[in-house]
Amino acid sequence: MKIPVIRKILEKNEERATELRERFDKNNTLVLNLISSPGAGKTTLLVRTLSALKDQFKMGVIEGDIQTTADAERIAQTGVQTVQINTEGACHLDSNMIYAATQKMDLGGLDILFVENVGNLVCPAEFKVGEDFKIALLSIPEGDDKPEKYPLLFSEAKVLLLNKIDLLPYLDFDVEKVKRVVKTLNKDIEIFMVSAKTGQGFDEWLTWLKNRVLEKKQGK
Amino acid sequence: MHEMSIAQGIMDVVKQEMTKNKMKVLLKVKIRAGKLNAIVPEALQVCFDMLLQDTPWPGAMLEIETIPIKLKCPKCSQEFLPEDQEYMGSIIQAPCPNCGTDIGHEIVSGKELLIEYIEAE
């Protein structure tokens, strides 16, 4: 016999993500899910961001990688609380992994929790991890066609960070095209042009972060 | 390769539904997958078949219906299906066929990931 179901395939992940989100909201912790392809500069961006804000905010990082603890070690050098998740092959983090990682963390009074997802533009966009916002990072050397090829992430991200802009003079990357394409399905997305290496453009990004922390403190 | 996690998700829901409806043999699962989810049907099939081996019904079938991307224009509210559904680039750069607006389209469908029904006895 035919049994109608109509249930979400990823409902288990979403239920756990909702639980996490409620916990973070109660704590007024801003949670950001950082997503990009491998090598776009997530860790470098985080190191610079953490170094700039660590005297103002209490922050934590959950670091997702398929293998190795190299990135977590780089983050830990900033003095910010870091937990490494090794997915051992899985190409994205899910809410259960984040739940397990938070068990090892001191979440009390945390202003910002950064989740650095596994480098991948497809799968991480599909799995909620209890975040307030997804932050997409696209680096100039990857090419300006990526938002067309991976529309789900770019349609859901609250912020797009165009990283490695110090390389713009050397590469054929059409910034205006990327902005236009991304806004087709996401007109309110904030786009910041940065270089995590030189610090160029960081003021706007840090201001955006500070404002979101303030809003979260006010329970918005 | 999110197909394995998705196959696992299907299996979780199917097992609950089998128990809830007191069914013994699963014959078929029908799912709806939005085009934006970028699921590779062949890969999902392989993962599903692999997970079935650990169940009492290894011969069950999986039917995947791909849901095309449908957009809604923010200016004139026209709903439209971008013509070329195969190439993502032309989907998300599609201007509204009615008024030509090309910014701020709302995604009406193409993001769903649902189990529609199961057949069992």
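Here are some friendly notes on this predicted model, point by point.

1. **Ground rules.** In this predicted model, local features need pLDDT of at least 70 and side-chain atom pairs count only at pLDDT 80 or more, while totals for chains, interfaces and linings use all residues. Residues are numbered from 1 along each chain as its sequence is written, and chains are lettered from A and ligands numbered from 1 in the order in which they are written.

2. **Chain A overall.** Chain A holds eight helices and eight strands (DSSP runs numbered from the N terminus: helices are H or I with at least four residues, strands are E with at least two). Its radius of gyration is 17 Å, which agrees with the value near 17 Å for a compact globule of 220 residues (taken over C-alpha atoms; the rule is 2.2 Å times the number of residues to the power 0.38). The C-alpha trace of chain A spans about 60 × 50 × 35 Å along its principal axes.

3. **Burial and contact range.** In chain A, 46% of the 220 residues are buried (20 or more other C-beta atoms within 10 Å of the residue's own; exposed means 12 or fewer, partly exposed is in between, and C-beta atoms are placed from the backbone). Of the chain A contacts between residues at least 6 apart in sequence, 75% join residues at least 24 apart (a contact means C-beta atoms, placed from the backbone, within 7 Å).

4. **Where the chains meet.** Chain A brings 28 residues to the contact and chain B brings 32 residues. On the chain A side, the elements giving two or more residues include strand 1 (2–8), helix 1 (11–26) and helix 7 (175–185). Strand 1 of chain A gives the most, with seven residues. By class, this side has 14 nonpolar, three polar and 11 charged residues (Ala, Val, Leu, Ile, Met, Phe, Trp, Tyr, Cys and Pro count as nonpolar, Asp, Glu, Lys and Arg as charged, and the others, Gly among them, as polar).

5. **A pairing across the interface.** Strand 1 of chain A pairs with strand 6 (residues 113–120) of chain B in the antiparallel sense, over five bridges (strands pair if DSSP finds at least two bridges between them). Here Lys8(A) is opposite Leu114(B).

6. **Strand 1 of chain B.** Strand 6 of chain B also pairs with strand 1 (residues 26–34) of chain B, antiparallel over seven bridges, and Val29(B) has Ile118(B) as its bridge partner. Strand 1 of chain B runs parallel to strand 2 (residues 61–67) of chain B, joined by seven bridges, with Lys28(B) opposite Met61(B).

7. **Helix packing in chain A.** The axes of helix 1 and helix 4 (residues 95–103) of chain A come within 8 Å and cross at roughly 35° (axes are lines fitted to C-alpha atoms over the stretch in contact; angles run from 0 to 180 degrees between N-to-C directions). Among the residues that meet are Leu20(A) from helix 1 and Tyr99(A) from helix 4.

8. **Met105(A).** This residue sits in the loop between helix 4 and strand 5 (112–116) of chain A. Met105(A) counts as partly exposed because it has 15 C-beta neighbours inside 10 Å. Leaving out residues up to four places away in sequence, Met105(A) touches Gly60(A), Gln81(A) and Val83(A).

Technical notes:
Two residues are in contact if their C-beta atoms, placed from the backbone, lie within 7 Å.
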